[in-house]
Amino acid sequence: MIDLYTAATPNGHKVSIALEELGLPYTLKVLDLAKNEQKTPAFLAINPNGRIPAIVDHEAGGFAVFESGACLVYLAEKTGRLMPSDAKGRSLVMQWLMFQMGGIGPMMGQANVFFRYFPEKIPAVIDRYQGESKRLFRVLDARLKDHEFLAGDYSIADIANWAWVRTHRWSGVDVDDLPNLVRWRDAIRARPAVQRGIEQPASRVDLTRDGDEGAKKFAEEARTMVEMGQSLQRNVPTKGTP
């Protein structure tokens, strides 16, 4: 049995999708990020960085894995699925996984911060992160022109990139002019395991579209976390602190 410590974010959904695709039994442990539950001593013992997601594999003696990409690689290697075993095939999957970890995720994450959450709207900064996100989308679109999936067969590379790309509207980036990316996005969205995975846990707001009052409230809560993140982290009690 695997414990999945997570929340309804693209990084969190990467791992729940993989678990659903692999058919591995897991227990969902949802952390309330607004309450800073990811900074408690109990969770920091699992992930010293205080970020979701993380997994604990009880079949491996309670082995903990943090960082979403590392979780995906661990699960793929544990099962022998969603990643080839040969050196070239494995490398190709890892390349596109690292593309997401080093590019898509950070750029879209910063676009979200400055487009949705930051109290001051700075056009040049918003343009920078939205523009770089769109550039990376074009890279994906070019790759997908002659490939059904990013790295041969459907793999953890597709799961990782898709979990972020699906939220492009929340980042303020349009993809209607990228037909190969749209085809791939929709094909993965139709997979039953993917549909189950993005409900584990379900988001309180639909990040695939511009929203309503619920979306506005969600953005306000996220803005508080962005603004207060460092001070909250410093104030988290440690063992022995009253």
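The crossing of helix 3 and helix 4 is right-handed (a crossing is right-handed if the near helix is turned clockwise from the far one by less than a right angle, and left-handed if anticlockwise). Helices (H or I, at least four residues) and strands (E, at least two) are DSSP runs, numbered from the N terminus. The structure is a predicted model, in which local features need pLDDT of at least 70 and side-chain atom pairs count only at pLDDT 80 or more, while totals for chains, interfaces and linings use all residues. Residues are numbered from 1 along each chain as its sequence is written, and side-chain values use heavy atoms, with hydrogens and water left out.

Helix 3 and helix 4 pack with their axes 10 Å apart and at an angle of about 155 degrees (axes are lines fitted to C-alpha atoms, for helices over the stretch in contact, and angles run from 0 to 180 degrees between N-to-C directions). Helix 3 is therefore roughly antiparallel to helix 4 (angles over 145 degrees count as roughly antiparallel, under 35 as roughly parallel, 65 to 115 as roughly perpendicular and the rest as oblique). Ser 68, Gly 69, Leu 72, Val 73 and Glu 77 in helix 3 meet Arg 90, Met 94, Leu 97 and Met 101 in helix 4 (contact means heavy atoms within 4.5 Å). By class, five residues of this contact are nonpolar, two polar and two charged (Ala, Val, Leu, Ile, Met, Phe, Trp, Tyr, Cys and Pro count as nonpolar, Asp, Glu, Lys and Arg as charged, and the others, Gly among them, as polar).

Helix 4 (residues 87-117) also packs with helix 5 (residues 123-145), at an angle of about 150 degrees and with the axes 8 Å apart. These two helices are therefore roughly antiparallel to each other, and their crossing is left-handed. The residues of this contact divide into 16 nonpolar, four polar and three charged. Among them are Trp 96, Phe 99 and Phe 114 in helix 4, and Tyr 129, Leu 136 and Phe 137 in helix 5.

An open sheet of four strands has mixed pairing and the order 2-1-3-4 (two strands pair if DSSP finds at least two bridges between them). Strand 2 (26-30) and strand 4 (63-66) are the edge strands, each pairing on one side only. On average, neighbouring strands of the sheet are turned by 20 degrees against each other, direction ignored. Strand 1 (residues 2-6) pairs with strand 3 (residues 54-57) in the antiparallel sense, over four bridges. Ile 55 in strand 3 is the bridge partner of Leu 4. Helix 1 packs on the sheet and touches strand 1, strand 2 and strand 3, its direction making about 155 degrees with that of strand 1. Helix 3 (residues 68-79) lies across strand 1, strand 3 and strand 4, and runs at about 130 degrees to strand 4.

Helix 1 (residues 10-22) packs with helix 6 (residues 156-165) as well, at an angle of about 135 degrees and with the axes 9 Å apart. Helix 1 is therefore oblique to helix 6. The crossing of these two helices is right-handed. The residues of their contact divide into eight nonpolar, one polar and two charged.

The protein chain averages a pLDDT of 91, and 86% of the residues score at least 70 (pLDDT is the predictor's confidence in each residue, from 0 to 100). Over residues 230-242 the pLDDT is below 50, and this stretch has eight contacts in the model beyond near neighbours in sequence. Where pLDDT is low, the predicted coordinates should not be read in detail.
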